[in-house]
Amino acid sequence: MMQPVGPEKIRFVQKKQRHATVTIVTCKAEARRRLQPGRSGVLGKIWKHRADYAYVLPAIAVMLVVIAYPIYYTIELSFFKTPPGLQLRDKTFIGFDNYATILTSELFWRVTWNTLVWTLGSTLIAFVLGFATALALHREFVGRSLLRAILIIPWVISAVAASYIWKWIYHSDFGIIGAVLVGLGLADRPPNFIDSVSTVLPSLIVVNIWREFPFAMIMMMAGLQTVPEQLLRAARVDGASAWQRFWHVTFPHLRNVSTVTILLLAVANFNSFIIPWIMTGGGPSNASHIWITHIYELAFGRQRWGVASAYSVLLFLTLMTLGYFYVRALSGNERQEGSP
Amino acid sequence: MSTTAETVPQGLGRRRMRVDGWRWTGRIFLAFMLLYTAVPMIWMLITSIKSGFAAMQFPPQWWPDEPTLASYEKLLDPQNSVGQDFLRFFWNSLFVSTVTTILSVIVAVPAAYAFSRFSFPGRNFLFFAVLLRNMFPAVIFLVPLFILMRLLGLMNTHGSLILTYLTFGLPLAIWLLKGFYDNIPVQLEQAARIDGATRFQAFILIVMPLSTPGIIATAIYSFIGAWNEYIYAYTFLTKNDQLTLPVGIQRFFSENTTDFPGLMAASFMMSVPVVVLFLVLQRYFVRALTEGAVKH
């Protein structure tokens, strides 16, 4: 019998060690187990571990109320036509009409494109900047920890505060960037960063990256510490250039951390709401609407609960796909941990 | 092939120069990142000590001609209606975040311990179910939770926020703590068990004290998350005296759109508690975050 290493094995060891001193107890337990031959297989296993569930139960209970129920309810609601004002007793079943409405609307594709640009742009640039900062900070120098602390601050402060700070920086009359551009003679008058259709999304992405690159930086700094120093030294002795050392030694070691970081960033970006909502509210003319802000507006702005729910289900499906990769990356990590 | 043949005889001088090149690239890059990070924050501070009139100048006053703390005085003055609101929002945020933090530590500690140590059937499934929650945006849960809270009579109470914050904070808390427990040797508990401690005693007396850094980190994490949360607070609370800081500030400044010094001062004061908390306990925070993703 192949026993999984870990607690199972430990319990076995414990039993062995206790045997000498508490023989009576052990015998009693043995006897009781023999009296219940019916408990075998999965049920028996569950019964044997019944005490373990007590530790997880509070967490699971809270999650069930606040997560399982809402998911069920969203799916149900997505098949109904709902009157405004949440008088949900008057809803009528309409099958897949809500989904059809969404998929045939032009706005849906526009918003989807925005979401793609927003998610990919923010994730990749934040990751690259964070990784590069981590590399630059890897070497010991005076003021390193101070610099690191300053660089992390944007990640800690509230996104609402960040949105207002940048809204003020982008201000079309008194913004600091506009003033600098005019001062350097690069523009005749301050550009209208977040009120123009073509520049609004990139401008918001800059804000988002400002808040998120520290996260990538922290993760990659921790990852860099696990790269074995001997390997790097060996590569140097063999005449590998700095770039070759990075590409052939450092980077392969960081593959797992990078995957997890990128996935976490992607999910967070896909789900972000505050920055677009506070800075532009999705405007001008929907140029900065992403899925989440659009769903919020459909539900709480226009009170089209059914359509918003159908949208949420689509979002849910997309995230499940992403989640599949997330879980695979994480369990890839676990597997590596299991075999040292 | 020919390139290696050429570079090898060039010797040390060339190589050192190239290493220096990378180092200078690193320094310039760090300077750029420092500017990117710090300039917005510095501009926030400078704006917050300007008068309303001084802020509305073009070209801007890089340093205010007459620095003033008027905005801060207004926000912190309990006699003033603005100050009253701000202080109440501040208190509400503090209350909600603290209660959320305490509860999530109480719930997450046993769960993370179980996920780390026990191998009950369904362990992996439950763990990933918990993690998956992390993936779903608040908006998906918003409509049903809105209805649920109405059903439970929790609309316009801080209870609704605490309950929701608890669930969205739990997955991360459990994940962080599990990373810590995974790194505490099981042998310590085994020794305690041999000495006659029950499993629960071993947990409370041996594992808990060792995992204090993890618990501190998880607590900071929950606190910052709850302090900064916006969507649920924005949806569940409508009464002015219940609002938390992020929503309160937004409500307030959608009425006073031109008071940028006030807005910047409020943003600054909203950031102070979390930044201080973070700077003081940085060590734990960074370690906890990376514990689960990086194997030592």
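A residue counts as buried if 20 or more other C-beta atoms lie within 10 Å of its own. With that in hand, let's look around this predicted model.

Q: Is B:Leu163 buried or exposed?
A: B:Leu163 sits in helix H8 of chain B, which spans residues 158-182. There are 22 other C-beta atoms within 10 Å of B:Leu163, and the cut-off is 20 or more. B:Leu163 is therefore buried.

Q: What distance separates the C-alpha atoms of B:Leu163 and B:Gly214?
A: Along the chain, B:Leu163 and B:Gly214 are 51 residues apart.

Q: How far apart are the end C-alpha atoms of residues 202-224 of chain B?
A: The unreviewed UniProt entry annotates several stretches of chain B as "transmembrane region", including 161-181 and 202-224. Residues 161-181 of chain B are 100% helix and 0% strand, with end C-alpha atoms 29 Å apart. For residues 202-224 of chain B, the model gives 96% helix and 0% strand, and the end C-alpha atoms are 31 Å apart.

Q: Are H5(B) and H13(B) roughly parallel or roughly antiparallel to each other?
A: Helix H5 (residues 81-117) and helix H13 (residues 245-255) of chain B pack with their axes 8 Å apart, at an angle of about 155 degrees. Angles over 145 degrees count as roughly antiparallel. So H5(B) and H13(B) are roughly antiparallel.

Q: Which residues of H13(B) meet H5(B)?
A: The H5(B) side of this contact is formed by B:Asp85, B:Phe89, B:Phe90 and B:Ser93. By class, the contact has 4 nonpolar, 2 polar and 1 charged residues. On the H13(B) side, the residues are B:Leu245, B:Gly248 and B:Phe252.

Q: Which helix gives the most to the side of chain B that touches chain A?
A: Between the two chains, 88 residues of chain B are in contact with 87 residues of chain A. By class, the chain B side has 67 nonpolar, 16 polar and 5 charged residues. The element that gives the most to that side, with 16 residues, is helix H2 (residues 12-48) of chain B.

Terms used:
Residues numbered from 1 in each chain as written. Chains lettered and ligands numbered in written order. Predicted model: local features only at pLDDT ≥ 70, side-chain atom pairs only at ≥ 80, totals over all residues. UniProt positions renumbered as here; feature names shortened; annotations may be inferred. Helix = DSSP H or I, 4+ residues; strand = E, 2+ residues; numbered from the N terminus. Buried ≥ 20, exposed ≤ 12 C-beta atoms within 10 Å, placed from the backbone. Axes fitted to C-alpha atoms, helices over the stretch in contact; angles between N-to-C directions. Parallel < 35°, antiparallel > 145°, perpendicular 65-115°, else oblique. Contact = placed C-beta atoms within 7 Å. Nonpolar A, V, L, I, M, F, W, Y, C, P; charged D, E, K, R; others polar.
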